[in-house]
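Please look through the structure below together with its sequence. The report after it is meant for a reader who is new to describing proteins.

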Amino acid sequence: MGTSGPGATNLVTAIADAYMDSCPLVAITGQVNQSMIGRGAFQETDIIGVTLPVVKHSYLITDINDIPRIVAEAFYIAESGRPGPVVVDFPKNLQQARTQPVWPTLEEIKKGLPGYNPNIKADDLALNEIIGLIEKAERPVLYCGGGIITSGAAAELKKFAEATQIPVTTTIMGLGGFPETNPLSLRWLGMHGCAAANWAVNGEFKQRNDPAEPLVRLKDGADLLLAFGVRFDDRVTGKFDEFAKHATIVHIDLDASEHNKNKRAQLTVHGDIKNALTRLNAMLAKRPLAKKFPAWHQQMAEWKKKGRFHYEVTPEIANSDHMKDHLKGQEDQVHPAPDGDRDALRIDEGRRHHHHGRGPASDWVRPMVQIRRATHLHHFRRSRFHGIRVSGALGAKVARPDKQVVDIDGDGSFLMNIQELATAHVEKIAAKAIILNNQHLGMVVQWEDNFFFGGNRGHTYLGDPDNRAQVYPDYVRVCNSFNVPARTGHVSQGSQSRVATDARLEDGLRAERDDALRRTRAAFHPRGPHRGGYEVLIGHE
């Protein structure tokens with residue numbers, strides 16, 4: 001909810017993100033009296049016009065008796081089909097009026113929306129054609145996105161993948177749609193993705209020292225790409241023409257406008273992915289596939305081993321200012337290179353929900369966390385705006401008070417909405433936060449160093465320039481000033497990291513951890529966009 005004018009415009013970024021990430025949202029905004037609309041009244045903003053490009057639907061209430069129908073329709077539209085935001089603008093004079101509401105039934109809601117059909121089922125012929133394409137393929141890959149989670153199709157996807165023995169990679173929005181502990185999982189792909197997943201889709205190429213050098217293909221990628229509930233986002237594909245260049249592409253999506261928008265598919269299927277997978281599984285149960293793709297699985301195993309997540313303490317890191325300032329004489333306290341599978345923290349059995357911030361906080365978390373179930377790792381992906389993680393973690397904890405909710409955040413993002421510490425304390429919301437403090441807006445720093453202006457800093461250093469040795473601000477003292485428990489932690493071994501983190505997350509209203517990640521340069525260097533396919537990504541270099 002937001003008041004008229006600035007209260008409503010404060011919701012715009014969240015509304016836009018919900019639209020881009022296909023999240024159900026109903027935003028109820030105040031509006032000036034009906035007689036003053038369009039006259040430039042105090043705090044009047046045409047929020048319907050402002051949000052029109054980024055909503056699924058919107059309403060301006062003009063009759064108090066329409067409120068029950070409009071509210072019921074708003075929630076139905078937001079949650080059904082491809083989810084999205086709906087804005088309901090509520091003039092002040094109607095807020096102060098009285099009425100006896102009569103709430104419509106679900107059938108009456110559907111009847112009142114004759115042009116809206118969210119329940120679309122895939123064509124039988126198209127599903128049979130998919131089975132035929134799998135039987136002809138040698139190197140198939142399942143590329144799955146947020147549509148799997150939105151439609152509740154995780155179980156159906158797992159059953160389909162195991163029946164066909166096709167490797168699975170997900171988008172970041174699709175994390176949790178397929179268990180990352182499953183042998184068929186390649187984890188996620190794209191600009192910030194796993195090397196093995198990108199190789200599986202695009203093929204493996206000789207590593208280049210200069211982007212101007214020609215690409216030399218070493219091994220072929222997928223010859224069949226089953227794209228289920230995805231958008232072919234540019235952060236996944238890189239240059240659209242180069243993505244899965246030699247694969248036959250099948251695209252199943254509930255939103256027909258996504259078909260052939262970014263990447264042309266040889267077979268487009270319009271329908272709900274859960275329904276489609278259920279029917280595909282029924283077909284396979286009647287006539288199981290004879291193919292098992294042993295050579296392709298052997299290649300996957302080789303790529304997983306070669307492209308596993310790891311990092312090293314390079315001379316660049318060891319000689320950085322912050323390492324000298326904070327760890328001089330304690331170099332052995334630097335976290336050793338982890339094994340991405342052995343040392344990963346597994347989110348399982350519904351024990352915890354994790355939110356992570358944008359930038360390096362997210363890139364550092366994902367390799368070290370294996371997601372087994374949907375909805376246990378939360379993102380705000382397309383907009384990737386700063387400061388939302390603390391608020392998001394509090395909201396998740398209110399929604400699921402029986403679960404442990406952890407915000408894994410960068411110092412820049414945490415600082416932007418630090419007033420939420422008061423919300424946490426006053427409302428007694430026992431979410432937790434881990435601050436990975438590197439004293440920089442880390443993602444922007446990476447781009448400055450790798451792609452722009454030779455590393456010039458554009459207000460991306462967050463410490464005190466006159467006292468760089470100091471950790472600034474002191475988040476422990478800041479949190480304590482809000483009566484929120486906090487502590488600083490340093491750990492040196494992977495096993496200690498897990499034990500120490502588990503221990504800290506069990507005590508206090510909210511545990512803050514200011515981790516010793518203070519260095520000027522990051523360990524992960526993403527490939528710049530639109531310069532080609534993402535043939536070499538983090539985990540390999």
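What follows describes the chain as a whole, then some of its strands, and then its aromatic rings.

The model is predicted, and its chain holds 22 helices and 17 strands. When contacts between residues at least 6 apart in sequence are considered, 74% of them join residues at least 24 apart.

Three strands form an open sheet in the order E1-E3-E2, and their pairing is parallel. The edges of this sheet are E1 and strand E2 (57–60), each of which pairs on one side only, and the twist from one strand to the next averages 15°. Strand E1 covers residues 25–31, and because five of its seven residues are buried, E1 is largely enclosed by the rest of the structure. E1 pairs with strand E3 (residues 85–91) in the parallel sense over seven bridges; alanine 27 has valine 87 in E3 as its bridge partner, and isoleucine 28 stands opposite valine 88 in E3.

A further parallel pairing, over four bridges, joins strand E10 (residues 248–253) to E11, where valine 250 stands opposite leucine 267 in E11. In a regular strand the side chains alternate between the two faces of the sheet. Strand E11 (residues 267–270) has Leu267 and Val269 on a covered face, whereas Thr268 and His270 are on an uncovered one.

Phenylalanine 232 lies in the loop between strand E9 (224–228) and helix H11 (234–237), and phenylalanine 243 lies in the loop between H11 and E10, so their pair ties together parts that are eleven residues apart in sequence. Phenylalanine 232 is buried, with a relative accessible area of 1%, and phenylalanine 243 is buried as well, at 0%. Ring pairs also link Tyr143, Phe232 and Phe243 into a cluster. In the tryptophan pair, tryptophan 296 counts as buried at 4% relative accessibility, and tryptophan 303 is buried with a relative accessible area of 0%.

Charged side chains also meet rings: the charged end of lysine 306 sits over the ring of tryptophan 199, 5.6 Å from its centre, and arginine 468 lies over the face of tyrosine 461, at 4.4 Å from the ring centre.

Note on methods
Residues are numbered from 1 along each chain as its sequence is written. This is a predicted model: local features need pLDDT of at least 70, side-chain atom pairs count only at pLDDT 80 or more; totals for chains, interfaces and linings use all residues. Side-chain values use heavy atoms; hydrogens and water are left out. Helices (H or I, at least four residues) and strands (E, at least two) are DSSP runs, numbered from the N terminus. Contact means heavy atoms within 4.5 Å. Buried means under 20% relative accessible area, exposed over 50%, partly exposed in between (1.4 Å probe, protein chains only). Two strands pair if DSSP finds at least two bridges between them. Axes are lines fitted to C-alpha atoms, for helices over the stretch in contact, and angles run from 0 to 180 degrees between N-to-C directions. Rings of Phe, Tyr and Trp (its six-membered ring) pair if their centres lie within 6.5 Å; planes under 30 degrees apart count as stacked, over 60 as edge-to-face and the rest as tilted. A charge sits over a ring if NZ of Lys or CZ of Arg is within 6 Å of the ring centre and within 35 degrees of the ring normal.
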